[in-house]
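Please keep the sequence and the structure in view while reading.

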Amino acid sequence: MSKETKTSINRREFFSYLTVGWIAFTAAVAGLLGLTFRFTFPNVNFEPEMDFLAGDPADYEEGVDERWKKKYGVWIIKLEGKLAALSNICTHLGCIPNWLAGERKFKCPCHGSGFYQNGINFEGPAPRPLERFKITMTPEGIIKVDKTKIFRQEKGQWDNPESYLKV
Amino acid sequence: MFRNGIEGFAKKVRETQVWKSIFRHGPPTNSRNRAAVVAGNVFLHLHPIKLKKSGVQLGYTWCMGGLTFFIFLALTVTGVLLMFYYRPTAEYAFNDIIALREHVPLGIMREIHRWGAHAMVITVWLHMFRVFMTGSYKPPREFNWGIGVILLILTLLLSFTGYLLPWDQLAIWAITVGSNMAKATPFLGHGGPGAALAQIGDFVMVSDKNDVRFQLLAGRFVGEPALLRFYILHCVFIPLVVGVLIAIHFWRVRKDGGISAPL
């Protein structure tokens, strides 16, 4: 080995390479940890669709309709000529209230929150009314409910034309 | 062989290569050998070689830390046994819980596990209470107090994750309510303070599809992925972390001046 190759890297350069090496190593470890963290979030899950077709508006009578509750978690309510899609998730801690037809109210079994048939809370610990979902009419005249868009009464969003359907 | 009776036989056994390969020291009849027993044993070496007299006084420590550890071991054994019969799927979980009571000998195994879990939460609190009242959290033991607080939280998380596994109405709604608290985590939960700030136009950065509750449940609500995730957390992940922290906890008791005596 010649003398030249022996001194081809001096002390200062060695530390530069060392620094670059450590930065690269740290970045690689951080990247792997990030990917491992991302691993815990599945890309696909097999939960029900967030929107669905709810049939002909003429199918609904005045009051609360429970036909979509089990499958999509939605009550279709028809009050004073307006259809609305009411979420069935209690605004207290996320249980599912029951519709008590005899008492004309929604009653949550977990902590006793009560809601009128329009979704307004009136008893128990629930801090705000049930949420409503976007409800629109398709060109074919079929009701479409979109659960990704939420309307809250306490924010004055129930006046939004997408939150109800005039029939 | 039995010429000198039992004692002679025992002496012969102690002279065999097998015995000597297992026990590297003489019988623990003197101070030196007793120290060697503790120092030479992988489990006992976490323990101090010598204790102060006050350390074994029941009125002083209540033995609450030791009781907690004993219950943890009992829960580990009964938990492993329960895993032989329990399948964490929506189809089987509830029926397997019933089967553990109805179709398996010693049908109280699950009850032992359940009552043990309740007992462990109580003994952990009492242990913490004792450590607080005797001032054993003070320097140089403050690090071990911190480890203990983490162990307390992990004990509660073990109870929480185990709560879902029976997969009945109580379990599902208890975890629904419990995990909805994760929804309210500042910045990390989509219902929490700060989540509304992380929004650019119509693009919501913290939603129910990427917040901490989604990570915990592997979904937007308590379903089969949540059951599997809680099962893994309950049976593998948290017990492993707890085991390591218990080892550190015991080691630090020894290193920080022994059990709860004034320094």
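B:P140 sits in the loop that links α7 (109–133) to α8 of chain B. The peptide bond between B:P139 and B:P140 is cis, with omega at about 10 degrees. The model is a predicted one, and this geometry should be read accordingly. As a general rule, most residues other than glycine have a negative phi, and most peptide bonds are trans.

B:L106, in the loop between α6 and α7 of chain B, has a positive phi near 55 degrees although it is not a glycine. B:F187 belongs to the loop between α9 (169–183) and β1 (199–200) of chain B, and its phi is also positive, near 70 degrees. How exposed are B:L106 and B:F187? B:L106 is exposed, because 9 other C-beta atoms lie within 10 Å and a residue counts as exposed at 12 or fewer. B:F187 has 14 other C-beta atoms within 10 Å and is therefore partly exposed.

## Helix α11 of chain B

Helix α11 of chain B covers residues 224–255, 32 residues in total. At 1.5 Å a residue it should span 46 Å, and the distance of 45 Å between its end C-alpha atoms agrees with this. After α11(B) comes B:G257, which has a positive phi near 110 degrees.

Which elements do the buried residues of α11(B) pack against? Their partners are α5 (64–83), α6 (93–102), α8 (142–164) and α10 (212–217) of chain B. The buried residues of α11(B) include B:F230, B:Y231, B:F250 and B:V253, and also B:R229 and B:H234.

## Overall form of chain B

Chain B contains 11 helices and 2 strands. Its radius of gyration is 25 Å, well over the 18 Å that the globule rule gives for 263 residues, so chain B is more spread out than a compact globule. From the N terminus on, its elements follow the order α-α-α-α-α-α-α-α-α-β-β-α-α.

The C-alpha trace of chain B extends over about 90 × 50 × 35 Å along the principal axes. Of its 263 residues, 22% are buried. Among contacts in chain B with a separation of 6 or more, 62% involve residues 24 or more positions apart.

## Overall form of chain A

Chain A has 3 helices and 11 strands. For its 167 residues the globule rule gives 15 Å, whereas the radius of gyration is 29 Å, well over that value, so chain A is more spread out than a compact globule. Its C-alpha atoms occupy a box of roughly 100 × 40 × 30 Å along the principal axes.

Chain A is divided into domain 1 (3–39) and domain 2 (51–166), and the C-alpha centres of these domains of chain A are 58 Å apart. Buried residues account for 24% of the chain A total of 167. Of the contacts in chain A between residues at least 6 apart in sequence, 42% connect residues at least 24 apart.

Terms used. Residues are numbered from 1 along each chain as its sequence is written. Chains are lettered from A and ligands numbered from 1 in the order in which they are written. This is a predicted model: local features need pLDDT of at least 70, side-chain atom pairs count only at pLDDT 80 or more; totals for chains, interfaces and linings use all residues. Helices (H or I, at least four residues) and strands (E, at least two) are DSSP runs, numbered from the N terminus. The radius of gyration is taken over C-alpha atoms; the globule rule is 2.2 Å times the number of residues to the power 0.38. A residue is buried if 20 or more other C-beta atoms lie within 10 Å of its own, exposed if 12 or fewer, and partly exposed in between; C-beta atoms are placed from the backbone. Two residues are in contact if their C-beta atoms, placed from the backbone, lie within 7 Å. Domain bounds come from an automatic or database domain assignment. The expected span of a helix is 1.5 Å times one less than its number of residues.
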